[in-house]
Amino acid sequence: MFSASDAAFMAQAIQLAALGCYTTSPNPNVGAVLVNNGIVIGTGYHKQAGGPHAEVFALREAGAAAQGATCYVTLEPCSHYGRTPPCAEALIAAGVARVVIAMQDPNPQVAGRGVAMLRAAGITVETGLLHTQARALNPGFLSRMERQRPYVQLKLAASLDGRTALANGDSKWLTGAAARADVQHYRAQSCAVLSTATTVIADNARLNLRPEQLEHSVARLENGELRLPKRVILDRNGLLDGKLAIFADGGEVLLCVSKVENSRQLPNIARQIHCPLDSNAQFDIPALLEHLAVREQINTLWVEAGATLAGTLLQLQLVDELIVYLAPKLLGNTAQPLAVLPQFQALADVPELSWTDVRMVGQDIRLTARFNAAVTA
């Protein structure tokens, strides 16, 4: 049985882990707290992929006091050599007596091996404390490891009557400045932003990060720069050229094509990736998502696109979280729809979601809902 103090120390580790939400990708967010005789002697969180893990920061702070201590950590300590040595080895070398772990690491390179290594060294290991809260820290990482596809967040902006643009395509600006700044925080926490060539060309969209719209509290990489999400653009017909604004800021752009054309003239930041077509001669979106997870290590995919791609993702049940910004405007029944969906014949066939958050963002309302199959459950 875990004590109340155990729960309190793990809750502190979970709060620490969340501090890495802007910079750890593709690694998970992890926090650690070292306690000796009821006193916190070291804390840490994973700050950046390739850098020290949470346990290492906590051990550095604790120093010799780590001997005989208890380590509370939100994710099973790693047991393999990657860009850093195994954290399980570091805990053993420091003489830690007990390790309390919120959840096992689903990464097949770890997946119980860290626990086994600690126990083989005579350390008491207990697991499962605040397991649900720990899973909520890393929906993208868990999705990539458990389902081999990213956690997909679909962002839409609409009027009160569910329309996204006038019939002539005019939608600038449907929502206010506060909502647009709010979107920047989601982009900053994502591994990649997905859109289409049609959307990019129509708005000459950058789909990038705009530091002036991000609060100063947003964490940065150790070199002071923002971690830029990749832009993944569906470009089946090869419409994008190097003159567009999306190629101007230095962030990587992945162009999804049905056939890689080596002769195509593209900026250095652009890379073509092959995506097969389905039976309707459209991109095989499930195959693309698997590629993004397995080959590109994309944990969380933020989608900003038109009604067609939104509808496709919804019909294929590939959306985990729906985020809709509602503006206090009415566009009328000739305006463009939120998503292109089939005509349902019965309410029993309609997809069901669960509200997770409703709040004002400036003069707009942000509605957040999850589909029942979301990996955080």
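Which residue forms a salt bridge with Arg 231, and how far apart are the closest N and O atoms? I keep in mind that this is a predicted model. I looked it up: the partner is Asp 249, and the closest N and O atoms are 2.9 Å apart. Asp 249 lies in the loop between S9 and S10 and Arg 231 in strand S9, so the pair ties together parts that are 18 residues apart in sequence. I then checked the cover: Arg 231 is buried, with 1% relative accessible area, whereas Asp 249 is partly exposed at 28%.

Entry: Glu 252 sits in the loop between S9 and S10 and Lys 230 in strand S9, 22 residues apart. Is Lys 230 buried or exposed? Lys 230 has 19% relative accessibility, and buried means under 20%, so Lys 230 counts as buried. Glu 252, at 29%, is partly exposed.

Entry: I noted a salt bridge between the side chains of Arg 149 and Asp 320, 3.2 Å from N to O. Arg 149 is in the loop between helix H6 (139-147) and S6, Asp 320 in the loop between H10 and strand S13 (321-327), and 171 residues separate them. Arg 149 is buried at 13%, and Asp 320 is buried at 2%. My count of salt bridges came to 17. I also wrote down a network of them that links Asp 182, Asp 357, Arg 359 and Arg 366.

**Entry: the sheet.** I traced nine strands in an open sheet, ordered S11-S10-S9-S8-S12-S6-S13-S16-S15, with mixed pairing. At the edges I found strand S11 (270-274) and S15, each pairing on one side only. Neighbouring strands are turned by 25 degrees against each other on average, direction ignored. I zoomed in on S9 (230-234) and S10 (253-257), which pair in the parallel sense over four bridges. Here Ile 233 stands opposite Leu 255 in S10. Helix H10 (307-315) lies across several strands, including S6, and runs at about 135 degrees to S6.

**Entry: the surface.** Last, I looked at a nonpolar patch of about 370 Å², made by Leu 341, Phe 344, Leu 347 and Val 350. Phe 344 is in the loop between strand S14 (336-337) and strand S15 (353-361), and at 35% relative accessibility Phe 344 counts as partly exposed.

Methods
Residues are numbered from 1 along each chain as its sequence is written. This is a predicted model: local features need pLDDT of at least 70, side-chain atom pairs count only at pLDDT 80 or more; totals for chains, interfaces and linings use all residues. Side-chain values use heavy atoms; hydrogens and water are left out. Patches are made of residues with over 30% relative accessible area and no salt bridge: like charges are joined within 9 Å, nonpolar side chains (Val, Leu, Ile, Met, Phe, Trp, Tyr) within 5 Å. Accessible areas come from the Shrake-Rupley method with a 1.4 Å probe; for residues, only the protein chains shown count as cover. A salt bridge is a side-chain nitrogen of Lys or Arg within 4 Å of a carboxyl oxygen of Asp or Glu. Helices (H or I, at least four residues) and strands (E, at least two) are DSSP runs, numbered from the N terminus. Buried means under 20% relative accessible area, exposed over 50%, partly exposed in between (1.4 Å probe, protein chains only). Two strands pair if DSSP finds at least two bridges between them. Axes are lines fitted to C-alpha atoms, for helices over the stretch in contact, and angles run from 0 to 180 degrees between N-to-C directions. Contact means heavy atoms within 4.5 Å.
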